[in-house]
Amino acid sequence: MDKFTNSAWFMRIVAFALAALLFISINFEMESDKKSLGLSTAPEISTETIENVPVEVYYDRENLVVSGVPETVDVTLKGAKSLLINAKNQRDFKVYVDLSDPAISMGDRTVTFKISDLNEKLVATIDPEYAEVNVQERVTKEFSVEAEYNSSLLEEGYTAGQPTVSPKTVKITGAKDAIEQISYVKANLEISKGLNETVNSKATVKALDRDLNKLDVTIEPSSVAVSLKVSIPSKTVSIAPKQTGKAKDGIRITSISVDPKEVTLFGSETSLEKIDEINLPVNISKIDGDTELELDLNKPDSVQKMSLGKAQVKIRTEKVDVDEENAEPVVEEEEPETEQKQEEQVVEEKPEPEEEDEPAAIESKTFNNIQIVPVGIRDDQDAELESDVTSITLLGEADDLKKITKDDINLTVDVSNLDEGTHDVDLAVTVPEGVEWELDSKTVSVTITPKDEET
């Protein structure tokens with residue numbers, strides 16, 4: 001036995017057996033690895049659809065415009081499953097349309113989609129297979145922009161001016177046919193219902209044909225600044241105190257005056273036309289003597305707002321005896337005419353020549369430091385006058401001028417429709433009837449600033 005195991009042939013047989021076992025083991029492991037990596041000699045064939053693959057278009061963008069090419073297509077791939085998974089996850093292939101030939105003709109064309117950078121072991125099908133496209137000469141033209149808005153969204157009583165646009169023109173680039181179809185270039189200002197203040201906003205520009213269909217063109221700039229000034233008509237009317245109730249016994253009302261004498265109303269023009277004064281009821285039934293009251297002004301339903309909500313009322317009285325107050329005036333009875341008196345009346349008397357009335361002399365009276373009151377200040381603004389007092393000279397008859405005091409003169413300046421900045425505004429003057437007035441300056445400089453917010 002020992003002789004056999006020590007022989008050369010025994011060693012050759014053992015070595016051959018070990019080599020065979022090693023070969024079989026290595027092949028088995030390699031086959032297992034191939035199967036795990038999908039590298040088997042008979043791979044599994046499958047299909048996969050990739051949706052919304054972007055389409056690239058190659059053409060002369062400086063001189064041509066191409067329309068009709070869809071933005072995306074669906075691509076179905078067929079091949080080994082491992083390759084499909086990689087293609088789907090990476091998406092490193094491209095779908096394109098090639099119109100880069102310089103000799104390409106204008107007009108409608110049918111073009112097929114092509115695919116690049118796809119693994120050659122995969123087969124691709126594109127849906128749709130082709131597209132109907134239009135090739136046109138690229139044209140750029142300048143157009144004026146017209147701003148528009150929905151006027152029905154304005155708050156009742158408010159009006160708006162013509163909207164202004166900046167810049168006023170835009171450059172529109174597109175196919176020659178599309179440029180020739182442009183009938184309107186609009187910038188629609190988006191506003192909300194109940195608009196009651198000036199709007200400054202951006203608006204997108206659209207190019208429309210005659211039927212108001214939007215055209216596929218490029219607009220530069222694509223949006224413009226639009227300003228819409230919104231205001232409300234105003235009218236200044238007098239405040240008329242109206243006595244109500246009955247005075248107490250022994251009290252006689254000699255005068256009722258109101259300060260200020262006027263109020264500015266804001267609303268639609270048709271509503272304001274019907275209002276000439278604001279009545280202020282003054283109940284005198286509880287008045288015991290001279291009194292000053294602050295009373296609320298009643299806003300008419302047709303008016304949106306008023307420049308003030310209250311007014312100061314001065315009541316002047318005098319005390320009288322109750323008997324005197326209630327006494328009825330004595331009326332003297334006329335004596336019957338006698339025949340002699342009737343005869344005397346028959347005799348015509350020569351009328352004495354009437355003296356012609358000489359015109360009353362016109363005199364002047366100057367009042368200094370008359371307060372100028374701004375009216376219509378918006379809640380979010382402050383108004384500062386360059387000078388809030390001025391002098392006024394009244395012209396009239398001497399008797400009339402003697403009765404006039406500073407309280408009878410009212411100077412106001414309407415700032416309700418002013419934007420921020422400095423403005424020269426006309427003064428509104430109210431003086432008693434029968435006199436004329438003169439001012440050194442009929443305007444006053446007003447500076448409008450935003451109101452500081454409280455912190």
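This is a predicted model: local features need pLDDT of at least 70, side-chain atom pairs count only at pLDDT 80 or more; totals for chains, interfaces and linings use all residues.
**Notes on charged and aromatic contacts**

1. Residues are numbered from 1 along each chain as its sequence is written, and side-chain values use heavy atoms, with hydrogens and water left out.

2. D400 has 30% relative accessibility and counts as partly exposed; buried means under 20% relative accessible area, exposed over 50%, and partly exposed in between (1.4 Å probe, protein chains only). Together with E363, E397 and D399, D400 forms a negative surface patch. Patch members have over 30% relative accessible area and no salt bridge, with like charges joined within 9 Å and nonpolar side chains (Val, Leu, Ile, Met, Phe, Trp, Tyr) within 5 Å.

3. The salt bridges come to nine, each being a side-chain nitrogen of Lys or Arg within 4 Å of a carboxyl oxygen of Asp or Glu. One of them joins K186 and E146 at 3.1 Å, N to O. Because K186 sits in strand β13 (residues 184–188) and E146 in strand β9 (residues 146–148), this pair ties together parts 40 residues apart in sequence. K186 is buried at 13%, whereas E146 is partly exposed at 44%. E146, E148 and K186 are also linked in a network of salt bridges.

4. Do have a look at R252 and E318 too, a salt bridge whose closest N and O atoms are 3.1 Å apart. The pair links strand β19 (residues 251–259), which holds R252, to strand β24 (residues 310–319), which holds E318, 66 residues apart. R252 is partly exposed at 34% relative accessibility, and E318 is partly exposed with a relative accessible area of 34%.

5. Strand β24 also holds K314, which forms a salt bridge with D407, with 3.6 Å between the closest N and O atoms. D407 is in the loop between α8 and β28 (410–414), so the pair ties together parts 93 residues apart in sequence. K314 is partly exposed at 28%, as D407 is at 49%.

6. Finally, the aromatic side: how many aromatic pairs does a search of the whole structure find? There is one: Y58 and Y96, tilted, 5.4 Å centre to centre with 35 degrees between the planes. Rings of Phe, Tyr and Trp (its six-membered ring) pair if their centres lie within 6.5 Å; planes under 30 degrees apart count as stacked, over 60 as edge-to-face and the rest as tilted. Y58 is partly exposed at 32%, and Y96 is buried at 18%.

Note on methods. Accessible areas come from the Shrake-Rupley method with a 1.4 Å probe; for residues, only the protein chains shown count as cover. Lys and Arg count as positive and Asp and Glu as negative; His and the chain ends are not counted. The place of a charge is taken as NZ of Lys, CZ of Arg, CG of Asp or CD of Glu. Helices (H or I, at least four residues) and strands (E, at least two) are DSSP runs, numbered from the N terminus.
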